[in-house]
Amino acid sequence: MKYDQSRMTPDSEPASTALERAEPTDRALMARVRDGDAVAFGTLVERHSPLIYRVAYRLLGDAHEAEDVVQESFTRLWTNAPQWHPSGGGIGAWLRRVGMNLCFDRLRKSKRIAPEEPPEAPDDTPRADAVMVSDEIGKTVDRCLRELPERQAAALILSYYEGLSNAESAKTLEMKVKALESLLVRARRKMRALLEQEGVLAADVEQLT
Amino acid sequence: MTAEPQMTDRALDTALAKSRDPQVPADLARRVTAQATAQPQRRIGGAFLARRTRRSPRKSRARRPIVFGAIGGGLLAASAVAAALVSDGTFELARITKPVVELFVPDAPRETVTAPAARTAPARPAVEVESDAPAAGRAVIASRPGWRIRQLRRAVIVRQRLERVRQARVNGVLPPERIMPRRAAPIPAARTLNPEQRARVRARVESLTPEQRQRLDQIRERRAAARPAIRERIAERRRDRIGETQGVRGVDVPTQRPATVSPAALERPSEMQPSRAAPAGSDSPAEPNARRSMIIENTLPGPEPAQLDQIRPELPAAETPATTGARRTAMQERIRAARAAQRARAAQRRNGAQRPARPRVPPRRR
């Protein structure tokens with residue numbers, strides 16, 4: 001029996017197919033999840049859960065709350081998988097939107113004060129003062145992020161920390177790109193004012209660079 | 001004194017970069033997968049709902065063709081039915097062009113269109129109406145003796161008024177109107193009773209109780225207060241009309257009758273073409289004094305119900321005041337017995353054994 005190797009060799013097949021075989025796309029995974037494939041669902045979770053966790057953590061400021069948001073988002077994906085159809089921005093955008101709405105719901109239900117964090121142990125490493133100042137600025141930034149209005153904070157997190165394009169961020173927040181740009185401008189202005197209120201000055205930040 | 005440097009965009013970007021990314025728990029994906037897959041997936045039941053989850057292009061949807069097809073099919077079916085009815089003769093299209101009133105008139109006059117005459121010929125009526133209306137009109141006029149006189153008098157009055165207006169236009173002054181006095185109708189002869197009737201009336205009056213006699217006196221006084229001429233005239237007209245009506249229906253009309261005509265009844269129109277058939281209520285021609293039946297017949301209208309007691313003939317000879325009193329007493333007894341029986345039934349219903357005993361409710365414990 002002669003085997004046609006010219007057609008079946010990996011070199012002859014398209015690059016996208018080879019890539020899909022190595023790393024299946026979200027659409028292919030969702031097609032399997034719709035049939036109840038838990039392995040495909042695990043792959044989707046590993047692919048998309050870090051982003052949702054980070055966004056939820058920055059918005060909510062609590063690891064447990066962020067885990068709950070991730071858990072609820074993927075539970076909804078699993079239960080509603082039979083009704084899913086491939087359209088729009090894909091499963092990633094859908095998950096980001098669901099996670100963001102869950103975060104907004106939790107923020108509206110309880111406007112919490114950021115929990116008191118335990119005092120840190122003294123650090124004796126060299127340039128410890130610079131590290132301490134950097135950490136202090138980072139914590140202040142996190143605190144000011146949580147004091148921003150929720151949509152401004154979400155726009156800032158998606159665009160700056162998660163590196164999404166303005167179009168993707170706008171789709172996640174269900175708004176137009178122009179509106180997102182305006183939101184980002186207002187968010188930066190508000191963030192600057194909050195940092196100045198907290199005593200973070202431009203000279204302190206520039207010393208770290 | 002130097003001002004503090006403000007937070008610039010570059011400094012803001014640097015400050016934002018100092019915020020560390022949160023560490024994602026290592027087993028988060030495993031835990032999330034385990035908990036989510038433990039939940040059942042929400043399957044959609046039913047073929048119709050399952051089909052809706054898949055999007056189909058709008059052009060391929062068969063919604064509009066079905067709607068338009070249904071409307072077109074309905075129109076086709078309706079037009080086919082209408083064509084069948086018209087060709088069958090059930091609907092006459094020519095009726096649409098005729099006046100609608102003809103559809104509701106039971107015996108519409110038929111029109112006979114004659115051939116168009118020559119222009120030099122004398123003018124002739126183009127349409128000839130075949131109807132028995134003139135004959136009916138003559139009969140009605142004949143049944144009203146004073147109608148023609150009244151019409152002539154009214155015509156004279158109108159002519160006088162027109163003349164006055166014409167003179168006023170010529171002279172500029174309106175002359176006074178001449179009012180023609182109405183001629184008084186001749187007073188008819190007084191009513192007379194024969195000896196037999198007088199004896200019967202006298203016997204009836206003598207057998208009255210004191211209360212009835214007192215009431216009779218009151219009625220006589222009240223009637224004496226009215227003008228006898230008017231009363232007699234009204235009675236005369238009344239008698240004439242009833243006599244005409246009953247004479248046509250085959251009832252023997254007595255010449256003299258008590259004049260107890262109510263003026264209100266005289267105002268009702270009863271001048272209609274009488275029917276030749278005998279009324280259904282009369283048993284036979286040999287019994288002229290039978291009371292007229294109240295059954296509504298399919299004949300032309302006779303006298304009004306208010307006149308029925310007037311056209312009732314005299315009571316039979318056996319109807320004396322004594323028998324009338326006995327009948328009234330018997331009727332009162334029957335009514336009394338019926339009321340007593342009704343009361344007894346009501347009492348039995350209230351206190352009867354059929355009624356279930358009221359259940360005893362134990363007192364509430366506190």
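Trainee: Which residues of H2(B) are buried?

Mentor: This is a predicted model, in which local features need pLDDT of at least 70 and side-chain atom pairs count only at pLDDT 80 or more, while totals for chains, interfaces and linings use all residues. Residues are numbered from 1 along each chain as its sequence is written, and chains are lettered from A and ligands numbered from 1 in the order in which they are written. A residue is buried if 20 or more other C-beta atoms, placed from the backbone, lie within 10 Å of its own, exposed if 12 or fewer do, and partly exposed in between. By that criterion the buried residues of H2(B) are Leu28(B), Ala29(B), Val32(B), Thr33(B), Ala36(B) and Thr37(B).

Trainee: Which helices of chain A are included in what covers the buried residues of H2(B)?

Mentor: Helices here are DSSP runs of H or I with at least four residues, strands are runs of E with at least two, and both are numbered from the N terminus. The cover over the buried face of H2(B) includes, from chain A, H4 and H5.

Trainee: What span does H5(A) reach from its first C-alpha to its last?

Mentor: The expected span is 1.5 Å times one less than the number of residues, and for H5(A), with 17 residues, it comes to 24 Å. The modelled helix is close to that expectation, its span being 24 Å.

Trainee: Why do the buried residues of H5(A) lie on the same side?

Mentor: The buried residues of H5(A) are Ala66(A), Val69(A), Val70(A), Ser73(A), Phe74(A), Leu77(A) and Trp78(A). They fall on the same side because, around the axis, they cover an arc of only 165°.

Trainee: Which helix of chain B do the buried residues of H5(A) pack against?

Mentor: Within chain A, these residues pack against H4 and helix H6 (90–109). From chain B, their partner is helix H2 (28–37).

Trainee: Which helix supplies the largest share of the side of chain A that touches chain B?

Mentor: Two residues are in contact if their C-beta atoms, placed from the backbone, lie within 7 Å, and the contact takes 42 residues from chain A and 32 residues from chain B. Helices of chain A that each supply at least two residues to this side include H5 (63–79) and H7 (128–147). The largest share, ten residues, comes from H4(A).

Trainee: Which residues have the most contacts inside the largest nonpolar core?

Mentor: A nonpolar core is a set of buried Ala, Val, Leu, Ile, Met, Phe, Trp, Tyr and Cys residues joined through C-beta atoms within 7 Å. The largest such core has 57 residues, and H4(A) gives the most to it, with twelve residues. Among the residues touched by Ala56(A), not counting those up to four places away in sequence, are Gly99(A) and Cys103(A). The residues with the most contacts inside the core are Ala56(A) and Val70(A).

Trainee: Is Glu174(A) buried or exposed?

Mentor: Glu174(A) lies in the loop between helix H9 (166–172) and H10 of chain A, and its phi is near 60°, a positive value in a residue other than glycine. Because 10 other C-beta atoms lie within 10 Å, Glu174(A) is exposed.

Notes:
Arc of directions from axis to C-beta.
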